[in-house]
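Welcome! Take a moment to look over the sequence and the model, and then let us walk through them together.

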Amino acid sequence: NKRFFTSLSVPEMTILCILIALSEELFFRGFIQAKFGIIIASVLFAFVHFRYVKKPILLTVVLIESFFLGYLYLITSNIVVVFIAHFILDYVLGMYMKLSLESEEEE
């Protein structure tokens, strides 16, 4: 993640976060959750982020995030709201990582 976030410009990261949030929410909430429920959608979402398997804390955070997004979809029935929430989560985290890593490199 370090190399990835520092290698992207802000516009590139914005576009990437939009594409990731849109595609993941259409698939996991719009299709999987609609067909199989929030538990299966959330667990599959966490497993797709397999790079965190050896980092249990990050995997737990991803699982909690997925249940939050799934619950948000349940109460709003609006995929756009869930997409925006997912984008904000990813973008804020990405910007935090990018800016903190860049400031570390400057020191």
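Helices here are DSSP runs of H or I with at least four residues, and strands are runs of E with at least two, numbered from the N terminus. The model is a predicted one, in which local features need pLDDT of at least 70 and side-chain atom pairs count only at pLDDT 80 or more, while totals for chains, interfaces and linings use all residues. Residues are numbered from 1 along each chain as its sequence is written, and side-chain values use heavy atoms, with hydrogens and water left out.

Let us begin on the outside. F36 has its place in helix α2. Residues are called buried under 20% relative accessible area, exposed over 50%, and partly exposed in between (1.4 Å probe, protein chains only). F36 counts as exposed because its relative accessibility is 52%.

F36 also belongs to a nonpolar surface patch of about 840 Å², made together with F27, F31, I39, I40, V43, L44, F47 and F67. The elements giving two or more residues to this patch are α2 (10–36) and α3 (38–48), and α3 gives the most, with five. Patch residues have over 30% relative accessible area and no salt bridge; like charges are joined within 9 Å, and nonpolar side chains (Val, Leu, Ile, Met, Phe, Trp, Tyr) within 5 Å. A salt bridge is a side-chain nitrogen of Lys or Arg within 4 Å of a carboxyl oxygen of Asp or Glu. The areas come from the Shrake-Rupley method with a 1.4 Å probe, and for residues only the protein chains shown count as cover.

Next, follow helix α4. This helix covers residues 56–76, 21 residues in all. Its buried residues are V62, E65, S66, L69, G70, L72 and Y73. Seen down the axis of α4, these buried residues fall within an arc of 155 degrees, so they line one face of the helix. The arc is that of the directions from the helix axis to the C-beta atoms. On the other side of α4, P56, I57, I64 and I75 are exposed.

Just after α4 comes S77, in the loop between α4 and α5. S77 is not a glycine, yet it has a positive phi of about 55 degrees. With 60% relative accessibility, S77 counts as exposed.

Finally, look inside. The largest nonpolar core has nine residues: F5, L8, M13, C17, A21, F83, F87, M95 and M97.

Note on methods:
Expected span 1.5 Å × (residues − 1). Core = buried A, V, L, I, M, F, W, Y, C linked by side-chain atoms within 4.5 Å.
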